[in-house]
Amino acid sequence: MEALLPVLQRHPGLSVLVCALMFRVAHRLLQNLPVPKVVAVDDFRSWKWRNLSVSMVHSLLTGTWAVTCVFIWPEMATNIHSFYTAPAYILICISSGYFVQDAGDIILTGHARGSWEFLIHHVLVLWCFLYSLYSHLYVAGAVVALFVEVNSVTLHLRLMLKLASQQSSPLYQINKFLNVFTYVVFRLSAQFYLTYYIVQNYSWMDKGGYFLITMTLMNTMILIYFYRLLRADFFPRSRPSMALNGTHNNNIKKFLTE
C-alpha cells in the first residue's frame with residue numbers, strides 16, 4: 001500500500017474514476033446472482049436490488065476498513081485534521097469511487113427524482129472526500145465518517161428484505177433492533193463526534209466553515225431519517241396492503257423510503 005500511495009496522490013481524480021469503474025464492474029457481476037421472484041417481476045424493485053447489492057459490498061468493505069484503521073492507528077480519532085496513513089488515503093479513494101458510481105447509476109437510469117435525497121448525500125460526501133484527497137487534510141476525519149458504513153450494512157439489509165416482502169421474517173425483526181443499535185453507535189456517534197471536533201477547533205482549522213456547514217446538513221438528514229426509521233419499524237401507521245400487481249412505482253418508492 002505504501003508503494004501505491006504516491007501514485008494515488010499524484011492523480012487523485014483519476015484514482016477515484018478507476019475505483020468508480022471497479023464498482024461498476026462489481027455492479028455488472030452482481031447482476032448474475034439470483035434475486036427473489038417478487039423483485040425480478042418489477043422493474044423498479046430489480047433496479048433497487050442491484051443498486052443495494054453494490055452498496056452492500058461498499059459498506060462491508062469500507063465500514064470494516066475504517067474501524068480497522070482507527071483501531072490500529074488511534075491517532076486518527078484525535079487528529080482528524082492532518083494525520084493519515086496509506087491505507088486511510090486508499091480507503092477514501094475507494095469510497096469516493098463508489099459514490100461517483102452510485103450517483104451515476106441513479107442519474108443514468110432515470111431515478112434521480114425519486115432518489116434526490118441520496119444524490120444530495122453523495123454530493124455532500126464527495127466534496128469533503130475530494131478535498132481530503134487533493135489537500136491531504138482531514139483524511140482521518142473522512143475515515144471516522146466512514147464508521148457510518150457499519151450501520152449502512154443493516155440499513156441495506158432492511159431495504160433488501162422489504163424489497164423481497166420479508167418484513168414479517170425473523171431476520172427482519174432481528175435486523176431492525178440491530179439497525180437501531182448500529183445507527184446510534186456508528187452513525188449518530190461518528191457524525192456528532194466530528195461535529196464536536198470541528199466546533200472545538202474551528203478557529204484554526206482549514207476550511208472550518210466549509211466542513212461545519214456540511215456536517216450540519218448531514219446531521220439534519222440523519223436525524224430526519226432516524227425519526228422515519230423508528231416510526232416505520234416500531235410505530236407503524238395502519239395502511240392498506242400493497243399488492244405488487246397494479247401498484248404504482250411512486251407508492252413502492254415511498255414504501256421503501258420509510
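The model is a predicted one. The largest pocket has a volume of about 770 Å³, and α4 gives the most residues to its lining. Two helix pairs are described, α4 with α9 and α10 with α11.

**The largest pocket**

- Rolling a probe the size of a water molecule over the atoms shows where empty space is left.
- The volume of the largest pocket comes to about 770 Å³, and 37 residues line this pocket.
- Closest to the centre of the pocket, among those lining residues, are Glu117, Phe118, His121, Leu155 and Tyr225.
- Seen by class, the lining holds 18 nonpolar residues, 12 polar ones and 7 charged ones.

**Helices around the pocket**

- At least two residues of the lining come from each of α4 (43-72), α6 (86-108), α7 (116-135), α9 (148-163), α10 (170-200), α11 (208-234) and α12 (249-257).
- The helix that gives the most to the lining is α4, with 8 residues.

**Helices α4 and α9**

- Two packed helices are described by the angle between their axes and the distance between the axes.
- For α4 and α9, the axes come within 8 Å and cross at roughly 160°.
- Angles over 145 degrees count as roughly antiparallel, so α4 is roughly antiparallel to α9.
- The crossing of α4 and α9 is left-handed.
- In the contact of α4 with α9 there are 11 nonpolar, 8 polar and 4 charged residues.

**Helices α10 and α11**

- The axes of α10 and α11 lie 10 Å apart, and the two helices pack at an angle of about 160°.
- That angle makes α10 roughly antiparallel to α11.
- Where α10 passes α11, the crossing is left-handed.
- The contact of α10 with α11 is made up of 21 nonpolar, 5 polar and 3 charged residues.

**Leu91**

- Leu91 belongs to helix α6, one of the helices that supply at least two residues of the lining of the largest pocket.
- Leu91 counts as buried because its relative accessibility is 0%, and the cut-off for buried is under 20%.
- Leu91 and Ala66 are 25 residues apart along the chain, and their C-alpha atoms are separated by 7.6 Å.

Key
Residues numbered from 1 in each chain as written. Predicted model: local features only at pLDDT ≥ 70, side-chain atom pairs only at ≥ 80, totals over all residues. Heavy atoms only, no water. 1 Å grid on protein atoms, 1.4 Å probe; cavity = no way out; pocket = protein on both sides within 12 Å on 5 of 7 lines; lining within 4 Å. Points joined across faces, edges and corners; volume = space filled by probe spheres on them. Helix = DSSP H or I, 4+ residues; strand = E, 2+ residues; numbered from the N terminus. Nonpolar A, V, L, I, M, F, W, Y, C, P; charged D, E, K, R; others polar. Axes fitted to C-alpha atoms, helices over the stretch in contact; angles between N-to-C directions. Parallel < 35°, antiparallel > 145°, perpendicular 65-115°, else oblique. Left-handed = near helix turned anticlockwise from the far one by under 90°. Buried < 20%, exposed > 50% of the residue type's maximum accessible area, 1.4 Å probe, protein only.
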